[in-house]
Amino acid sequence: MKRMLFAVCEVAGYFAASVRALSEHAEVTVWTKLKGNDVEAALEGHVRLLDDTAVPTVDALLTALGGHLPDVFFCGGWADRRCLDLATRLHAAGVRTVLMLDTPWLGTPKQWLNRLVGRVVLRPRFDFAWGAGEPQVGYMRRVGFPENRLRTGVYAADSAKFSALYAPDRDPWPHVFLYIGRYVSVKNMRRMERAFLRALDRMPESDWRLCCIGGGELWEERTQHPRIDHLGYKTPQEIQRFIPQTGCFVLPSVFEPWGVVVQEAAQMGLPLLCSDAVQAATDFLRPGENGFRFDPRNEAAITEAFCAAMLLPDEALRAMGRRSHALGMAYATADWVQRALSFLD
């Protein structure tokens with residue numbers, strides 16, 4: 001079997017599902033900061049995990065590999081100097097090197113500078129760039145990667161897990177907006193809460209609620225209102241049990257490099273309300289077909305999106321849910337595996 005080496009900051013649930021499926025076709029090693037959680041435990045016997053605190057250097061990693069170099073090295077970003085050094089050494093040894101990224105091109109002064117730096121730092125080390133979507137590929141295109149060395153789809157939701165929650169024929173359709181995420185300023189929750197209450201003022205007969213799951217530094221600043229439920233942190237299992245009670249997913253972030261949670265919500269068959277800053281919406285949200293987009297800094301625009309969803313009859317919400325599911329399943333775990341294997345060709 002071919003050997004594949006991944007260097008990532010941590011093992012998220014969706015990544016674990018992807019590399020476990022990949023392990024049926026290749027020998028997979030992941031160099032990461034282990035946290036001893038259930039996600040990592042689920043990979044035992046399938047994927048070799050190397051803790052970067054126990055294997056802290058490139059030399060130590062190469063020693064741990066026992067002289068068996070990978071056929072492909074996947075590097076999760078370029079912030080860690082060790083990963084760049086590893087890419088340099090493996091590339092020189094004839095290993096195919098792939099830069100994975102979720103940073104979108106936004107045209108900031110820093111990115112214009114990085115565009116020039118990247119031509120010196122990234123292009124000589126990496127054969128391919130694998131971005132989350134077109135906004136990320138657009139960044140690497142500016143860095144100088146040729147079109148035939150660019151791929152999208154570096155993230156894929158755990159399609160088996162979330163499609164199992166797809167229930168398109170619920171009747172009545174739950175009138176509950178769902179937010180899942182951290183309570184931090186970049187998530188834009190205060191505007192979301194105010195916009196929801198403004199929508200209720202405009203539609204006093206509506207029975208819609210807003211439910212928020214998560215925690216963080218702004219927990220104490222959450223808006224207290226009878227129609228807004230703050231459930232705090234929930235385990236993935238608890239969230240899965242709660243999903244059938246919800247009818248529309250909301251992500252109002254002012255900055256969201258990608259947002260795998262959007263694809264997860266789509267695979268579950270939920271209509272979507274996403275801000276223009278949520279990059280994953282470029283793949284999984286078609287305005288008017290399975291949800292609505294809005295300017296995250298415009299409270300009136302967020303209010304309009306809430307109202308647009310609240311005005312829809314249940315059958316229209318079901319149709320949006322079916323469209324979400326189709327879009328979410330267009331790139332599933334099996335597709336991610338084939339994309340990863342394509343770097344061997």
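**Note on the predicted model: cores, sheet and packing**

1. The largest nonpolar core of this predicted model holds 83 residues. Within this core, Phe 6, Phe 74, Trp 130, Phe 177, Phe 306 and Trp 336 have the most contacts. Helix α8, spanning residues 189-202, supplies the largest share of the core, with 7 residues. Another core, of 28 residues, lies apart from it and includes Cys 83, Leu 90, Val 137 and Leu 150.

2. Phe 74 can be followed in detail. Leaving aside residues up to four places away in sequence, Phe 74 touches Met 4, Leu 5, Phe 6 and Ala 7, among others. Its contacts also include Val 98, Met 100 and Trp 130, as well as Ala 340 and Phe 343.

3. The model has an open sheet of 7 strands, paired in parallel, in the order β3-β2-β1-β4-β5-β6-β7. Its edge strands are β3 (48-51) and β7 (150-151), each of which pairs on one side only.

4. Leu 210 sits opposite Ile 228 of β10. In a regular strand, side chains alternate between the two faces of the sheet. Strand β10, residues 228-232, has Ile 228, His 230 and Gly 232 on a covered face, while Asp 229 and Leu 231 are on an uncovered one.

5. How do helices α5 and α6 pack, in angle and axis distance? Helix α5 (residues 109-121) meets helix α6 (residues 134-143) at an angle of about 60°, and their axes are 8 Å apart. The pair is therefore classed as oblique. On the α5 side the contact involves Gln 111, Asn 114, Arg 115, Gly 118 and Arg 119; on the α6 side, Tyr 139, Arg 142 and Val 143. Sorted by class, this contact comprises 2 nonpolar, 3 polar and 3 charged residues.

6. Is Ala 12 buried or partly exposed? Ala 12 lies in the loop that runs between β1 (2-7) and α1 (13-22). Ala 12 counts as partly exposed because its relative accessibility is 21%, and buried would require under 20%. The C-alpha atom of Ala 12 is 7.2 Å from that of Val 39, a residue 27 places away along the chain.

Key: Residues numbered from 1 in each chain as written. Predicted model: local features only at pLDDT ≥ 70, side-chain atom pairs only at ≥ 80, totals over all residues. Heavy atoms only, no water. Buried < 20%, exposed > 50% of the residue type's maximum accessible area, 1.4 Å probe, protein only. Helix = DSSP H or I, 4+ residues; strand = E, 2+ residues; numbered from the N terminus. Pairing = 2+ DSSP bridges. Axes fitted to C-alpha atoms, helices over the stretch in contact; angles between N-to-C directions. Parallel < 35°, antiparallel > 145°, perpendicular 65-115°, else oblique. Contact = heavy atoms within 4.5 Å. Nonpolar A, V, L, I, M, F, W, Y, C, P; charged D, E, K, R; others polar. Core = buried A, V, L, I, M, F, W, Y, C linked by side-chain atoms within 4.5 Å.
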